[in-house]
Amino acid sequence: MAAHPSSIGGARILLRRLREIMEAGGGAQERLDRLVSMIASTMVADVCSIYLKRGRVNELFATEGLKREAVHTTRLKEGEGLVGLVAETGRPLNLADAQHHPRFSYRPETGEDPFNAFLGVPIVRSERVFGVLVVQNKASRTYGEDEVEALQLIAQVLAEIVASNALGDLSELKEVEFKPSRPERLGGRVFSEGLAIGQAFLHEPHTPLGRIVADDPVAEEARLTAGLAQVRERLAALLDGDVQRIAGESRDVLETFHALAKDPHWEARLKAGIRAGLSADAAVERVRGEHRARLAGAADPLLREQLHDLEDLDNRLLRALAGADPSQAAAMPHDAILIARNLGPAELLEYGAERLKGIALEEGASGGHAAIVARAHDIPMVGRAGGLLTRVEAGDRIILDAEAGEVRLRPEPEVVRAYKQRQELRSARAAEYARLRDAPAVTKDGKRVILLLNAGLALDAHHVADAGAEGIGLFRTEFQFMVSETLPKQESQVALYREVLAAAGDRPVTFRTLDLGGDKAAPSVQTEREENPALGWRGVRMGLDRPALLRYQLRALLEASEGARLRVMFPLVTTLEEFDACRGWVLKEIAEAKRKGRAGPAELEVGVMIETPALAFAIPRLKGRADFLSIGANDLMQYFFAADRANPRVSDRYDILSPAALRFLKQIREDAAAADLPVSICGEAGGRPLEAMAFVALGYDRLSMPAQGIGPTKFMLAALDAGAAAAFILPLLDSDKVSLRTDLASYAKSSGIAV
Ligand code: PEP
Ligand code: MG
C-alpha cells in the first residue's frame, strides 16, 4: 500500500522503510537505488533522484524513473539547472511546470522530457548543502506542504547517513563534500592586524546530532518538553531574578526572546518533526535549518533579527538536549580562533581577551567596538569573511592572516610552515620597534610627535611603558561598565582610576567620561531601543540627562587623582552649551569635594572630544572654555560621511584619506592653533602609519592609538621628512580624487618610509 505522504503517518512510514533499507545490507549504490525507488513509490512519484556534490558539480548518484545510464554521467555544474538552484539557495523548490522555469536545463541523457512537476529539497548538514533530493511527476501539479516536509525529512536523514559513512563503500562517495575538508581561502577585511595560527572555536557551536530517527515518539516528546522547559526557565529566571540588573535594551532583547521561546508555532514545528519519527535533537536541527535558510534570503532587518533570535533559541535547545555546558568560554582551547557571525564588545571581553589567538567574523565592521577591543588587546581579527560559517568546522586548523585580510581554512602543511616563518619575521620587526620603545618619536627633519595610548581596562594601562607611549591619550571608562553585570560602585571606579594612574606613573592620563550608547551597551545602564543608535542617546547626552551617573563618575575621578593631575574629557559633545554644562558639573563636584574637606586634584584640565561636525565648526568659541581638544576620528568620520561605523555595508565605503576629510582635519588643526588649544587625534586611524603620516603632514603632533600602532608609527616617523610630506600632500587636497591613499602609499614607498 502506498502511504499518502500528506500525513505524519506517511513521513513515519518513509523513515521506517529507509531504516529497513539501511539494515538490509548491500553496497552503497544498491542502497541508494533501493532508497530512490522506495521514495518514488511511497510518494507516488514518477521519478526520484539523488544528486550529490562532487567537487564543483552536482552528480546524479541514483534515480528511479530517469534513464539508469544517466547515473554518475549526468553532472550539473555548480548553479546549473533546477538542481543547481536548490543547491545554491538551500531551499526547497516546488514547481508545477518545471520545464518553463528559466533555470530549467534539459539533459537528453536522462530522458526527462515528459515530467512537469518538480520538487527538489537540499541535502544539508552543518549548514552545508552537499546534495539535492528530487521527485518529479508527469502530471502538472504542485506538491502539498506535507509532501515537501516528508521529503525534507528524508533528505535530513540521508544527509546524516551519507556523512557518517553508513552507506558503505562507493568510490564516487569519497569525493562528496559533506564536510569541508579541503583547504580554503576566504577574503575578508583586516580589523586588527596580526597573524595567528590556531583551531576554530565556534561562538555558536554546532551540536553534533546523536540519533536521528527515534522509535519512541512519546519519549522524544518528553525530552523535547523538558529541554524547552529548561530553556524557558533559564530565560525567565534571568528576567525575573533581578529586574534592576537587566535593564533597557538588554531587557527588551530578553523579553522578545522569552516571548519567542514560548511561541506555540515554534513548539508545534518541533513536535511535528518528532511525530514524523525524528529524535528530539533532529527535530530541532530541522527547524534550525529552516530558520537558517530563511535568514539567508531575508533582507528586512527586523525579520533578520527575529530569525537570528530564533536560531539562537534553536542552539540553546540543542545544547539543553545534549546536556552541554552552557558556558562556552570554559571549553575554549588555548589556541582558539573565535569564529562568529558578529560579536559585541562585551561578548568578546567575556571570553577573556588574553585567551584568544584570533577572531574571524563573517560580518562585523572595523569601526565597531569589538574591533576596537581586539586592537586594544592586540588580537588579530579579520571581519567580513563571506561564507565563513558554512565552510568552517569546529576544531579546523586556521591561519588568520590579518595582514592581508584572509582566513585560510585547513591549510596545507607547507602553508602553515610559510606562515610560521612570517610570524617569526613579525617578531623580528616587533623587536625593531622595541628598540625604539624608549626613544621619543621624532621625524627625520626633527619634528617631535607625541604618541599616546588608547586604553580601556586596567590591563591595557599597564602596557603604557611596554608600548613606548608617552601617556594615555584616551582612557575609555565605559569598558568597566560594559564588562560588569551590575553598576560599578564608586569605590570600584576609584580603584580602577587609581590603578590606571599608578600604571602610567608620571605620564599623563586623559580619562574620557562614560561613552555608552550606539554599539556600546552596559548591562546595568538602562537605555531604550532606538531606530538609529549611532545618532541617538549616547555619550554625554546620556550623562547630561542623567547627571547622577556622571556626577558619581566625576567624584570617583576627583578622588582617584587627589593631589595629582586630572585630565578629563567629554565624548560626543555637539554644542557649546553641552560642554559648558559638563565643565559646570566638574566645577560643582570640585566645590563639593572641597566642602567635605577633600584636597581635590593639584592640577585640572577639562577637554572635549571633537566627534561631531557641529562642534568642529565651533572651535574658535571653545577658546577659554576648554583646556584641550581630542579628535575622535571614528565618530567624527561616521558623522562627516553619514556612514554608520558599525555597518559593514557603508563603514569602509569612505576614506579618511579623502581630500574632503583631510581638508576638514586641516581646518580643525588650524582653528585649534588659532584658539591656542592643544589638539590630538585619538581615533583608530591615528595608529595606522599611512594615516599618521598624513596627519603629521597636516601639522598634527599628538596621536593617541592602540598599543600595536605605536611601534610602527614611531618607525615610520623616523624615516619621514614632515616638511617634504606636507609639500606633497597639501596640493593634493584640492584634487577630485575619491581617496589619496594610493598617492600617499607610493610617496611613502619612493621616500623609503615603511607604512
Ligand atoms: C572616536 O570616536 O574616535 C573615539 C576615540 O571614541 P570611541 O571609538 O570610543 O567612540
Ligand atoms: Mg567616539
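## Salt bridges in a predicted model

The side chains of Glu 285 and Arg 288 are joined by a salt bridge at 3.7 Å, N to O; a salt bridge here is a side-chain nitrogen of Lys or Arg within 4 Å of a carboxyl oxygen of Asp or Glu. Both residues belong to helix H8 (residues 280–297) and stand three residues apart, about one turn of the helix. Helices (H or I, at least four residues) and strands (E, at least two) are DSSP runs, numbered from the N terminus. Glu 285 and Arg 288 are both buried, where buried means under 20% relative accessible area, exposed over 50%, and partly exposed in between (1.4 Å probe, protein chains only).

This is a predicted model, in which local features need pLDDT of at least 70 and side-chain atom pairs count only at pLDDT 80 or more, while totals for chains, interfaces and linings use all residues. Residues are numbered from 1 along each chain as its sequence is written, and side-chain values use heavy atoms, with hydrogens and water left out.

The structure holds 58 salt bridges, including these:

| Pair | N to O distance |
|---|---|
| Arg 341 and Glu 363 | 3.9 Å |
| Asp 635 and Arg 645 | 2.9 Å |

Arg 341, in the loop between strand S10 (336–340) and helix H10 (345–351), and Glu 363, in the loop between strand S11 (356–361) and helix H11 (369–376), link distant parts of the chain, 22 residues apart. Arg 341 is buried at 13% relative accessible area, whereas Glu 363 is partly exposed at 24%.

Asp 635 lies in helix H23 (residues 633–640) and Arg 645 in the loop between H23 and helix H24 (648–651), ten residues apart. Both Asp 635 and Arg 645 are buried.

Key:
Chains lettered and ligands numbered in written order.
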